[in-house]
Structures are given as C-alpha cells and as structure tokens.
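Q: Could you take me through one part of this structure in detail? I would enjoy a close look at a single helix and its surroundings.

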Amino acid sequence: MRPLPQSVLFCCDHNSVRSPMAEGIMKKFYGTEAYIQSAGVKNDLEIDGFSIAVCAEIGVELSRHRTRSFDEMEQWGDDLSSFDLVVALSPASQRRALELTRYSALDIEYWPILDPTGIGEGREQRLASYRKTRDMIVDRLTERFGPPTEGRDD
C-alpha cells in the first residue's frame, strides 16, 4: 500500500467500461483526496449500461459519465504529464500512455483488469462478468491505496 497521489488518470480502450468504473469507484472511496479522471485510447462508444448497473449496486453513479479519448483530453487542455499516476487497465492504453509520456517523469502502472464486454450469454451472465471486473477494480484500489475513506456505510 502506497500513499494516495494528488491526481490519478485511469485509462482503457474506449473509456466506456473499465476506466469509468475505476474513476467512479475511486471517487467514492477516497472522495476529494485526489483529482481523478479517466480516458480511453479511442472515444467511439458511450458509457456501457452494464457498467452503470453494477456500479449502482455499490452506490457509484456512472450514468452521467461522458467518454473521452487521450486526444480529446489534450484538446481540452488536460495535460497527461500533470497527473501523478496513470493507471492503464488494458495493454493498448498502457502503450498509448507510455507513448504520450515518454519525456515525462510520470508513474504508469498496468493493472490487468478483465474486459467483460462480450462475456456471457444472457443478462445475468453478462452482469456477473461486469461484477467480476468491478470487484477486481475494488480489490486493486484497496490493495494500492488502502481502505476507503469516503462512502463507507458505518
């Protein structure tokens, strides 16, 4: 367990499943203790409905999330090098983050988180795969940053 950085960027392929889940869960767990954002290699999909559903089960609101890519971040003035930590949740996002930060002294971590899209036949099986992804993110967050400081039910 290491201290919470001041700013964290989660990234994955489309910013529609894993990275928004990680962003939302981290915001719930650690509140305003860090600036937290997410992005994708591409922005060609909307937020995934199954991600919204499984995060709502733990009190994390994702329905208002708007997907964005690394390129859009740059256009909007969000400099990748201004983040203390980039957490890549897919191999493609790790490659892109390393490419964009090759001249920056920036920590990039790779967390191999399951991509649940396309796993499962029916609704319940699909939800189960998204829950597995959500739970992997929860486990990695608490392993890396400690127990939640916000959003506890005590």
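This is a predicted model: local features need pLDDT of at least 70, side-chain atom pairs count only at pLDDT 80 or more; totals for chains, interfaces and linings use all residues.

A: The buried residues of α1 are Arg 18, Ser 19, Pro 20, Met 21, Ala 22, Glu 23, Gly 24, Ile 25, Met 26, Phe 29 and Tyr 30. That makes 11 of its 13 residues, so the helix is mostly covered, with buried meaning under 20% relative accessible area. The cover over these buried residues includes the strands β1 (7-12) and β2 (35-40), along with the helices α2 (49-56) and α5 (123-145).

Helix α1 runs over residues 18-30, and at 1.5 Å a residue its 13 residues should span 18 Å; the C-alpha atoms at its ends are 18 Å apart, so the two agree. Just after the helix, Gly 31 adopts a positive phi of about 55°.

Now for the aromatic side chains. The structure holds five aromatic pairs. One of them joins Phe 50 and Tyr 130, whose ring centres are 5.2 Å apart with planes at 35°, so this pair is tilted. Phe 50 belongs to helix α2 and Tyr 130 to helix α5, so their pair ties together parts 80 residues apart in sequence. Both Phe 50 and Tyr 130 are buried.

Helix α5 is also the place of Arg 144. Arg 144 is buried, with a relative accessible area of 9%, and its side chain makes a polar contact with the side chain of Glu 109 at 2.8 Å.

Technical notes:
Residues are numbered from 1 along each chain as its sequence is written. Side-chain values use heavy atoms; hydrogens and water are left out. Helices (H or I, at least four residues) and strands (E, at least two) are DSSP runs, numbered from the N terminus. The expected span of a helix is 1.5 Å times one less than its number of residues. Buried means under 20% relative accessible area, exposed over 50%, partly exposed in between (1.4 Å probe, protein chains only). Contact means heavy atoms within 4.5 Å. A polar contact is a pair of N or O atoms within 3.5 Å; within protein, one must be able to donate a hydrogen and the other to accept it, and residues adjacent in sequence count only if both atoms are side-chain atoms. Rings of Phe, Tyr and Trp (its six-membered ring) pair if their centres lie within 6.5 Å; planes under 30 degrees apart count as stacked, over 60 as edge-to-face and the rest as tilted.
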